[in-house]
Structure formats: C-alpha cells, structure tokens
Amino acid sequence: MRLKVTLLFLLITSFVFSQRVCNDLYGKKFTKEQLTSDLDFIKEKIINAHANPFTEISKQDFDKKFLEIRNSLKEGMTQQQFYYLSKPLIVTLNDEHSAMGDFCVTDSIKNNLKVLPLKFKYENGKMLLSENYSDDNLTIGDEVISLNNMPINEVLENCAKTIPGAKEERIPIVVDRFWVVINKFCYFITDNYNFKFASGKQQTVKSIPLSEFGKKYSQKNSQNQQKEFKALEYQKIKKIGYINVNSFSDRLYSPEIWKKKFDSIFTQIKKDNVKKLVIDVSDNGGGNSALGDLLITYFSDKPYKTYQGTWKKSQEYSDFLKTMGKTYDDYEKIKNGENLPMISHIITPNNNPLKFKGKTYVVVGKNTFSSAMMFAVTILDNKLAKVVGEIPDKGHPNHFGELIKFTTPNTNLDFLFGVKEWIRPAGKIEPNKLIPQKIIELKDKTKEQIIQEL
C-alpha cells in the first residue's frame with residue numbers, strides 16, 4: 001500500500017528545496033577563530049544535551065574525530081566547507097531523528113540544480129533500479145554494479161558517511177535518495193553517470209534539471225496524483241471496518257480534534273456492526289505518541305505496559321521547556337548531565353463507551369515511523385491486537401526522541417537531536433526492529449486484498 005504519490009513527491013523534493021537561498025552568506029568567508037568557536041559549540045551541545053552520544057563510537061573516538069575536524073579548519077572557509085567538515089559529529093550520534101540543516105545556496109545554484117533521473121531501491125544488499133525518468137532504455141529491477149567505474153558498494157559506503165541516522169539504515173537511505181545525494185552530498189556528479197548493471201548493460205545517463213524531473217514524475221504518476229492525502233479515513237468492507245491512520249500529527253489537528261474524529265469514526269463502526277477491525281498505520285510517519293495511546297482506548301480494555309527510557313538533564317533543554325511554558329519538577333531536581341529514569345507504567349484504558357470489542361488487526365508498513373512505530377510496538381509487546389504487514393524501512397522500536405534544535409552562532413547552521421532514549425515495553429531485545437506477527441507484502445494491494453490475506 002503505497003504512500004500517496006502527491007505526498008511522496010513533496011517528500012522527495014523537500015529534500016532539495018529545504019536548502020536555504022542566502023546569497024549574502026553563500027560566499028562569506030569565516031575566520032578560523034569563528035569556525036573553531038562553532039565547532040566547539042556543536043560539541044558542547046551534543047555532550048550537554050544528547051540522550052547518549054556514544055552508542056556508535058566511544059567517547060575516546062568521538063574526541064579523536066572532533067580533534068581531527070578541529071585541526072582541519074582553515075582561515076577563510078565558507079559555510080559549505082564547514083558544513084561538510086562538521087556534519088560527521090552529527091552523523092555518529094546513531095540517532096534516527098538527528099539532522100543538520102543544509103548549507104546555503106544562491107538563487108542561481110538553486111534554479112539550475114540538476115539531478116539524476118533515476119530512482120533506486122535497496123533489497124537484500126543490492127541497489128536495484130526502481131523508476132526511470134530518463135530517455136534511456138533501462139530494465140526496472142536491474143542491479144547496479146558500478147558507477148563511473150567505481151564499485152557501487154564503495155560509492156554507497158562513502159555517501160553514507162554524510163547521512164545522519166541509525167548506522168545500518170544509512171546505505172538504504174542513500175539508495176532511496178541517490179537521485180540527489182550523488183550530486184549534492186557526495187561525489188558531486190552533475191553531468192554524466194556511467195552505470196554498469198548486473199545484466200551486462202552499460203549506459204551513460206545524463207542529469208536533467210530538477211524542474212524537468214518534476215514534470216516527468218508528474219506525467220508518469222498523474223493518475224495517482226489525483227488522490228488526496230487524508231490523515232484519517234474509515235471504510236466498511238463487508239463485515240470488517242478499515243481505518244487508515246496516516247498521521248499522528250498534533251500540528252495537523254489538535255488532540256481535541258483528533259478525539260472528535262476518533263469518536264465520529266467509532267460511532268459509525270458501532271452503527272455498522274462490524275465484526276473485525278483493521279487499523280492501518282503503514283503510511284504513518286508519526287507525530288504525537290499520546291494520540292496512539294488515545295487510539296488504543298477505542299479497541300482495547302486490557303492493561304498494558306508503556307515505553308520506558310531515560311531523559312538527559314541539560315540546562316539547554318530546561319531553558320527550552322521554560323520558553324514553552326513547561327516545567328517538570330522531577331527533571332528540574334536532578335543535576336545537569338544526569339538521567340531521569342522514565343519508568344514503564346501499567347496503563348488501564350478508560351471505560352470508553354465507543355470501544356470496539358471484536359478482533360483487531362494493526363497493519364504496519366515500510367513507512368511506519370517514530371510515534372506510529374511506538375504505537376504498533378506497544379500493541380505488539382502487550383498483545384493488544386495482532387500486528388501484521390511489513391517491517392518498516394527505517395526507524396527502530398528503541399530509539400532517541402524529544403528533539404532540541406540549535407544554530408551555530410557564526411556559520412548559521414541548524415542541527416538537532418534527541419534528549420530522550422526510548423525503550424520498548426519488552427526491553428532491549430534484538431533485533432531492534434518492528435517485526436510483524438504475520439508478514440504481508442503491501443505494495444499495490446487494495447484494502448480488500450489485505451483483508452483477504454488476514
């Protein structure tokens with residue numbers, strides 16, 4: 001079941017268009033003293049505020065990497081040059097919510113951006129062609145062996161060094177975004193891409209303007225683009241109720257509005273007298289985890305264990321909370337640098353008169369992420385319903401969250417990361433993945449076909 005194409009195109013293009021146009025800053029040269037100050041600022045904030053910065057590399061290796069970067073700083077570097085030097089400190093956090101904002105570009109650069117007109121997917125350690133927007137005759141599904149005479153595995157490993165997030169997911173992310181990563185973040189190829197495929201085919205693919213890529217993408221997917229993205233949707237199929245919950249965003253709707261929408265849907269479910277319920281979060285990228293907790297009250301009355309974890313105390317996050325008008329006494333009592341335990345609790349869902357009492361299935365997919373994953377994992381670990389579908393492409397049940405954002409004082413680069421470490425109700429079990437009880441391939445399947453597999 002694919003993410004609506006309109007939304008998908010917005011997501012892949014935002015990867016490019018998030019880049020700020022700031023003509024005055026693009027060519028500015030910074031003193032070594034300014035650059036050193038900004039690098040020290042990044043390290044200070046990581047050490048002070050990140051939940052656990054040493055899960056991928058040790059503190060000793062982190063300090064070594066920091067000194068290598070510090071010694072590489074030179075007088076007169078630009079923001080872009082500093083960006084590429086400093087970003088590895090963010091990458092090594094092993095934090096799937098961490099990021100560093102893109103370096104500035106000029107109007108001219110942005111307007112003339114060219115991209116590779118191919119998209120790929122990563123399966124079983126292979127980079128496979130999945131979409132072709134070039135004029136070249138290529139076979140979908142063909143495996144890439146090399147690029148410009150470089151083994152593709154070597155290319156992917158080098159590009160992954162520029163991608164923040166969980167270590168084992170960086171190469172799949174590179175493959176998914178290869179169409180723009182290869183020219184913007186690594187190797188900086190902007191003209192010809194000489195591919196060699198496992199089929200024996202060799203093809204030089206020329207880059208095309210982003211605007212042209214957008215037009216070709218729209219033409220090829222015009223039918224699906226008519227589908228409107230809906231955060232919440234209900235349909236009765238025979239005697240089964242099917243709910244798509246494609247977001248838990250409290251920016252899209254307030255928690256009060258979400259409750260009204262859930263009330264409306266479950267009122268209809270009661271009228272429809274459905275015998276089974278499917279809740280589909282396969283395209284849900286997350287939002288507010290409290291909305292997942294709220295949804296549980298509509299189909300389960302079984303007591304369940306919540307997530308647990310630790311919350312890193314820092315003056316930075318304490319000050320941030322105060323700007324939001326929030327204070328937590330237990331958090332304020334501990335010293336900076338200490339961790340506040342977030343103990344798992346037993347929650348007994350309230351007596352919801354709209355509660356569905358039949359068998360419930362929760363469908364997860366490749367795009368289930370963040371609080372949507374926490375929702376599904378809570379259900380899975382506590383056996384509140386049967387979890388089915390696909391293993392998500394990114395994200396982990398145990399992860400960092402609750403973000404704080406900073407901006408370097410001189411080079412004006414934004415970066416963010418998590419101050420909390422979340423642990424699933426079942427604890428630190430391996431593998432750290434959301435694995436459904438029944439695997440169902442969702443791609444291109446209708447709701448009826450998914451129900452049939454259940």
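UniProt positions are given here in the numbering of this model, with feature names shortened, and such annotations may be inferred rather than shown by experiment. The model is predicted, so local features need pLDDT of at least 70 and side-chain atom pairs count only at pLDDT 80 or more, while totals for chains, interfaces and linings use all residues. Residues are numbered from 1 along each chain as its sequence is written, and side-chain values use heavy atoms, with hydrogens and water left out.

Start by selecting residues 239-390, which an unreviewed UniProt entry annotates as "domain: Tail specific protease". Over this stretch the chain is 34% helix and 22% strand, and the C-alpha atoms at its ends lie 24 Å apart; helices (H or I, at least four residues) and strands (E, at least two) are DSSP runs, numbered from the N terminus.

Next, select the two disulfides that a search of the whole structure finds, a disulfide being a pair of cysteine sulfur atoms within 2.5 Å. With the bonded cysteines counted along the chain, the pattern is 1-2, 3-4.

In the pair C22 and C104, the sulfur atoms are 1.8 Å apart. C22 sits in the loop between α1 (5-17) and α2 (23-26), and C104 in the loop between β1 (99-100) and α6 (107-111), so the pair ties together parts that are 82 residues apart in sequence. The torsion about this S-S bond is about -115°, so the disulfide is left-handed. C22, at 13% relative accessibility, counts as buried, a word that means under 20% relative accessible area, with exposed over 50% and partly exposed in between (1.4 Å probe, protein chains only).

Move on to C159 and C186, whose sulfur atoms are 2.0 Å apart. C159 belongs to helix α7 (residues 152-160) and C186 to the loop between α9 (178-184) and β7 (192-197), 27 residues apart. Here the S-S torsion is about 90°, so the disulfide is right-handed. C159 is buried at a relative accessible area of 0%, and C186 is buried at 6%.

Now display the open sheet of four strands, in the order β6-β5-β7-β8 with antiparallel pairing, where two strands pair if DSSP finds at least two bridges between them. Its edge strands, β6 (150-151) and β8 (202-206), each pair on one side only. Strand β5 (residues 144-147) joins β6 in the antiparallel sense over two bridges, and S146 stands opposite P151 in β6.

Finish at helix α10 (residues 210-220), where L210, F213, G214, K216 and Y217 are buried. Seen down the axis of α10, these buried residues fall within an arc of 165°, so they line one face of the helix; the arc is that of the directions from the helix axis to the C-beta atoms. The face turned away from the buried side of α10 carries the exposed residues S211, K215 and Q219.
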